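Visitor: Hi! I'm new to this one, could you walk me through it?
Guide: Happy to. Let's bring it up and start from a single side chain.

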Amino acid sequence: MSETLQTTDVAASDADLLAQTAIAVREAGSALRERFGEVVRYQTREELMHALAANDDTALDVLRPRLTRLRPDAGWVEDELDGGALPPGEWWVVDPAEGNVNHLHALPEWAVTATLVRENQPVLTAVHLPLTGETYTALTGAGAHLDGRPLHVSRTADLGLSIVATSQARPDEDEKVVRRVGSSITAMLFDALVVRAAVPATLHLLNVAAGRIDAFWQFAGARADLLPGALLVTEAGGRISDAEGRPWTPQSQSFLAAAPGVHAEAVSTLSR
């Protein structure tokens, strides 16, 4: 039997709100999974953008009414590629098809995410992986979980024994950022055990929260890329900063999430 979304009062607890948000992302993920399996062919950038938008719209048709019903007064971030601070109040930051290009190429690394941001702080997040059926959730002060099981970051204390990851700069990214990504990968190849480079960022951050990899970094980036994973890693006991070790905010020009035992070493490597 399919899950049904129950009406939730605006004053309901954040824990109840998270449970309902998780239902919403699972339902959106089911809609996207029905579209998955064949490589989508395109010959131009315009055709690619149309295919990406079709996936986004499929998930948003599920997410927007359900999340608006849960928090009628919350704002809605229209562009998942936006960065920077949000206006005061509550906002839904949603990536309806995180890893959308992977989906179009019949690759398994994609997800649906929804994060409630309150006064520019992520309060709760739900990330669903439709192909595995896994749902990752985090609630400020209540921990991070995978299908109800607590998550904990790695206890590794040596970057030389660590698996680390980063994501690719966007195709239209500034040249300085692209070169900085390349030099940071080179630095990590010298200092870490294994370096992984792929999109999307959220899936790497899930793995940091679950203790499967030890650090993830990125230069620039959008709110929808980083807020879900930032909350998951923090609630799983990890450390969040920019690449220089300073406190991270959505306005920061870099991002680092790491197990506490390797955070300082990762900052040192990325600062070279």
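Guide: Arg 66 is partly exposed, with a relative accessible area of 27%. Here buried means under 20% relative accessible area, exposed means over 50%, and partly exposed is in between, using a 1.4 Å probe and protein chains only. Keep in mind that this is a predicted model, where local features need pLDDT of at least 70 and side-chain atom pairs count only at pLDDT 80 or more, while totals for chains, interfaces and linings use all residues. Residues are numbered from 1 along each chain as its sequence is written, and side-chain values use heavy atoms, with hydrogens and water left out.

Visitor: Okay, which residue does Arg 66 form a salt bridge with?
Guide: The partner is Glu 27, and the closest N and O atoms of the pair are 2.5 Å apart. A salt bridge is a side-chain nitrogen of Lys or Arg within 4 Å of a carboxyl oxygen of Asp or Glu. This pair links distant parts of the chain, with Arg 66 in helix α2 and Glu 27 in helix α1, 39 residues apart. Helices are DSSP runs of H or I with at least four residues, strands are runs of E with at least two, and both are numbered from the N terminus.

Visitor: And Glu 27, buried or exposed?
Guide: Glu 27 is buried, at a relative accessible area of 17%.

Visitor: How do α1 and α2 sit against each other?
Guide: Helix α1 covers residues 14-33 and helix α2 residues 45-70; their axes come within 9 Å and cross at roughly 160 degrees. Axes are lines fitted to C-alpha atoms, for helices over the stretch in contact, and angles run from 0 to 180 degrees between N-to-C directions. The two helices are therefore roughly antiparallel to each other. For the wording, angles under 35 degrees count as roughly parallel, over 145 as roughly antiparallel, 65 to 115 as roughly perpendicular, and the rest as oblique.

Visitor: Which residues of α1 and α2 meet?
Guide: Among them are Leu 17, Ala 24, Val 25 and Glu 27 in α1, and Val 62, Leu 63, Arg 66 and Leu 70 in α2. Contact means heavy atoms within 4.5 Å. Sorted by class, the contact of α1 with α2 has 11 nonpolar, 4 polar and 2 charged residues. Ala, Val, Leu, Ile, Met, Phe, Trp, Tyr, Cys and Pro count as nonpolar, Asp, Glu, Lys and Arg as charged, and the others, Gly among them, as polar.

Visitor: Back to salt bridges: how many does the structure hold?
Guide: There are 10 salt bridges. One of them joins Arg 71 to Asp 14, with the closest N and O atoms 3.8 Å apart. Arg 71 lies in the loop between α2 and β1 (75-76) and Asp 14 in helix α1, so this pair ties together parts that are 57 residues apart in sequence. Arg 71 is buried, at 7% relative accessible area, whereas Asp 14 is partly exposed, at 22%.

Visitor: Which residues are linked in a network of salt bridges?
Guide: Asp 14, Arg 71, Glu 90 and Arg 118 are linked that way.

Visitor: New topic. What about α5 and α6?
Guide: Helix α5 (residues 201-209) and helix α6 (residues 223-235) pack at an angle of about 5 degrees, and their axes are 8 Å apart. That makes α5 roughly parallel to α6. Their contact divides into 10 nonpolar, 2 polar and 1 charged residues.

Visitor: Where is Pro 200?
Guide: Pro 200 is in the loop between β9 (194-197) and α5. The peptide bond from Val 199 to Pro 200 is cis, with omega near 5 degrees.

Visitor: And what is phi of Ala 106?
Guide: Phi of Ala 106 is near 60 degrees, a positive value in a residue other than glycine. Ala 106 lies in the loop between α3 (100-104) and β3 (111-118).

Visitor: Last one: what is Thr 269 in contact with?
Guide: Thr 269 is found in helix α7 (residues 260-270) and is buried, at 3% relative accessible area. Leaving aside neighbours within four places in sequence, Thr 269 is in contact with Leu 159, Ala 187, Met 188 and Asp 191. Helix α4 (residues 175-191) and α7 pack at an angle of about 130 degrees, with axes 9 Å apart, and that makes α4 oblique to α7.
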